[in-house]
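Please read the following report alongside the sequence and the three-dimensional view. It moves from the whole chain to a single pair of side chains.

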Amino acid sequence: MTPAPLPDTPPETQAVMYGSSLAQAPAIREPRHAPVAQLVRGGVTEGIHYGSVVVLGAGGEVEFQLGDIEAACYPRSALKPVQAVAMLRAGLPLEGELLSLAAASHSGEERHLAGARRILELGGVTEDDLRNVPDLPYGPAVRDAWIREGREPSRLAQNCSGKHAAMLYTCVLNGWSLDGYLDPGHPLQQAIAEIVEDLTGQRIARVTVDGCGAPLFSVSLHGLARAVARITTAAPGTPEARVADAMRDHAEMASGAGRDVAALMRAVPGLLAKDGFEGVGVAALPDGRAVAVKISDGANRARVPVTAAALARAGVDPALLTEFKGEPLLGGGQPVGHIHPTQTLDPAGPST
């Protein structure tokens with residue numbers, strides 16, 4: 001099993017240490033992002049979002065790129081489908097909506113909390129065993145209701161609780177210690193790191209800590225797109241196909257009511273999509289076409305239309321993507337402008 005790289009281990013040293021055929025870790029540098037979206041108000045460009053975009057063809061070739069797709073970046077929760085694959089390979093027996101929840105950044109709805117409790121029960125563990133950070137629900141409406149009811153932050157309500165519950169269940173099945181299951185040196189995290197490298201096809205550049213407390217592995221945007229494409233093109237019944245099927249069939253369990261990634265999976269037949277904090281998005285079709293997006297300033301208002309434009313670049317019918325074209329800019333409560341991908345990304349879009 002390939003160990004997770006230590007945070008201060010240079011890629012060159014990692015290559016010698018591990019001695020496999022994987023590509024070297026992506027370079028750790030300030031990404032050379034490019035303009036990917038514009039805010040136009042009253043005919044004047046009011047703001048510009050920078051970022052990077054990659055579009056892969058069905059054969060895995062790069063069909064379009066903008067910005068810096070090879071620099072090391074943190075996929076954040078967009079990596080959860082890969083983490084779920086790793087847990088299935090380690091024996092996790094979840095299917096359907098519970099497997100979707102294991103790969104989720106959920107909104108904290110009651111179905112999400114109930115699902116996380118069920119995973120814990122299957123593993124013979126409790127909420128007290130979770131080590132993700134206590135938080136309020138991620139979904140705005142759910143969070144507001146939670147506050148009105150005077151409910152406190154909890155580990156179960158935190159948007160990664162499904163993943164953490166699945167991690168504990170995986171540890172129980174393998175006889176691994178529950179203590180320190182978030183340590184990068186723990187057998188669970190070593191197993192996940194191995195699959196991250198396997199599916200991305202490259203070494204991990206750096207390991208840090210994600211917002212929920214779990215190890216966070218740095219790969220390139222190109223590697224992230226490649227990993228999700230491999231998940232959607234895997235043979236039926238494999239861990240990869242099981243994750244893809246679960247997330248597509250139970251899209252709201254992997255996100256929540258009204259979430260853009262769930263709507264995108266409903267709108268585009270066969271699409272697997274996952275978002276991540278700091279403006280990361282990834283999506284792939286069953287034939288291997290895939291896109292990955294990173295918005296430099298982390299803005300979701302840019303991530304959604306940029307992802308839609310990238311999918312159109314990948315050959316998705318633009319008519320299926322109409323509702324993801326970008327939110328209006330308001331003035332006095334009325335639309336006075338719009339946000340849209342730059343013409344470099346979307347030549348058919350509106351010009352400034």
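The model is a predicted one, and its secondary structure consists of eleven helices and twelve strands. With a radius of gyration of 20 Å, close to the 20 Å that the globule rule gives for 352 residues, the protein is as compact as a globular protein of that length. Along the principal axes, its C-alpha atoms fill a box of roughly 60 × 55 × 40 Å.

Of the 352 residues, 55% count as buried, and the accessible surface comes to about 13700 Å², with 51% of this area belonging to carbon and sulfur atoms. When contacts between residues at least 6 apart in sequence are considered, 65% of them join residues at least 24 apart. The protein carries 30 positive and 39 negative side chains, and the centres of these two sets lie 2 Å apart.

A search of the whole structure finds one aromatic pair, formed by tyrosine 138 and phenylalanine 277, which is tilted, with 5.5 Å from centre to centre and 55° between the planes. Tyrosine 138 lies in the loop between helix 4 (110-123) and helix 5 (140-148), and phenylalanine 277 in the loop between strand 8 (272-276) and strand 9 (280-284), so the pair ties together parts that are 139 residues apart in sequence. The table gives the accessibility of the two partners.

| Residue | Relative accessibility | Class |
|---|---|---|
| Tyrosine 138 | 27% | partly exposed |
| Phenylalanine 277 | 39% | partly exposed |

Definitions and conventions
Residues are numbered from 1 along each chain as its sequence is written. This is a predicted model: local features need pLDDT of at least 70, side-chain atom pairs count only at pLDDT 80 or more; totals for chains, interfaces and linings use all residues. Side-chain values use heavy atoms; hydrogens and water are left out. Helices (H or I, at least four residues) and strands (E, at least two) are DSSP runs, numbered from the N terminus. The radius of gyration is taken over C-alpha atoms; the globule rule is 2.2 Å times the number of residues to the power 0.38. Buried means under 20% relative accessible area, exposed over 50%, partly exposed in between (1.4 Å probe, protein chains only). Contact means heavy atoms within 4.5 Å. Accessible areas come from the Shrake-Rupley method with a 1.4 Å probe; for residues, only the protein chains shown count as cover. Lys and Arg count as positive and Asp and Glu as negative; His and the chain ends are not counted. The place of a charge is taken as NZ of Lys, CZ of Arg, CG of Asp or CD of Glu. Rings of Phe, Tyr and Trp (its six-membered ring) pair if their centres lie within 6.5 Å; planes under 30 degrees apart count as stacked, over 60 as edge-to-face and the rest as tilted.
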